[in-house]
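Subject: Handing over a structure

Dear colleague,

I am passing on the structure below, and I would be grateful if you could look through it before reading my notes.

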Amino acid sequence: MVEKLNHHSTNLNINKILIIFRHGTSRARKVAIELLDWVRQRGLEGMGWAEQNWPEGTKVITDAQELDSVDLVVVLGGDGTYLEAVRLLAGRRTPILGINLGSLGFLTETRLEDLHNNLEMTLSGHMEMRPRSMISVQVLRDKELVTQCSALNDIVIERGGGGHMVTLSTF
């Protein structure tokens, strides 16, 4: 589904915040644990994704259906971590606040220094929302569905290892 990009303030009732951080990065994990405490100090429910290395006793989401109750996702990392969160949400319209701990940050625009200020603005309904369009792709061979997927940023189509021609139709 492609939706028109529009800008508006959030009117969300945020109680449950899922924190996702960049795998294998001690800095991102440290920031995530500190953020989890910050969220809890404000009387909100903070939780992590079960496939990440959280301290014992941290509430974690283990099942994709539990994502239906999440009001906001905070991503700590770079664009790859942001795209991981988009895949995890699988089409849910849950807002994502991307905090840039990477190098480029096209999708994770917020600097780490602005994390708490921007999160406060989000919680108080003063953050600008920017819905993003998703692209849906189906690969057909001889009218048979080979694979299908959705993407936020881009889709790469490769011809593979052989030196043969590729015929593509896009619509």
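From the N terminus on, the protein chain runs through its elements in the order β-β-α-β-β-β-α-β-β-α-β-β-β, which comes to three helices and 10 strands; helices (H or I, at least four residues) and strands (E, at least two) are DSSP runs, numbered from the N terminus. Please keep in mind that this is a predicted model, in which local features need pLDDT of at least 70 and side-chain atom pairs count only at pLDDT 80 or more, while totals for chains, interfaces and linings use all residues. Residues are numbered from 1 along each chain as its sequence is written, and side-chain values use heavy atoms, with hydrogens and water left out.

Taken along the principal axes, the C-alpha atoms of the protein chain fill a box of roughly 60 × 35 × 30 Å. Of its 171 residues, 35% count as buried, where buried means under 20% relative accessible area, exposed over 50%, and partly exposed in between (1.4 Å probe, protein chains only). Among contacts (heavy atoms within 4.5 Å) with a separation of 6 or more, 58% are between residues 24 or more positions apart.

Helix α3 (residues 115–123) holds Asn118, which is buried because its relative accessible area is 13%. Leaving aside neighbours within four places in sequence, Asn118 is in contact with Leu97, Thr110 and Met127. The buried residues of α3 are Leu115, Asn118, Leu119 and Thr122. They cover an arc of only 100° around the axis, so they lie on the same side of α3; the arc is that of the directions from the helix axis to the C-beta atoms. Their cover includes α1 (26–41), β5 (72–77), β6 (96–100) and β7 (110–111). After α3 comes Gly125, with a positive phi near 85°.

In strand β3 (residues 45–49) lies Met47, which counts as buried because its relative accessibility is 2%. Not counting residues up to four places away in sequence, Met47 touches Lys16, Ile17, Leu18, Ile19, Leu36, Lys59, Ile61 and Val70. Met47 and Ile33, 14 residues apart in sequence, are 9.9 Å apart in space, C-alpha to C-alpha.

Val166, in the segment after β10 (144–151), is partly exposed because its relative accessible area is 39%.

With kind regards
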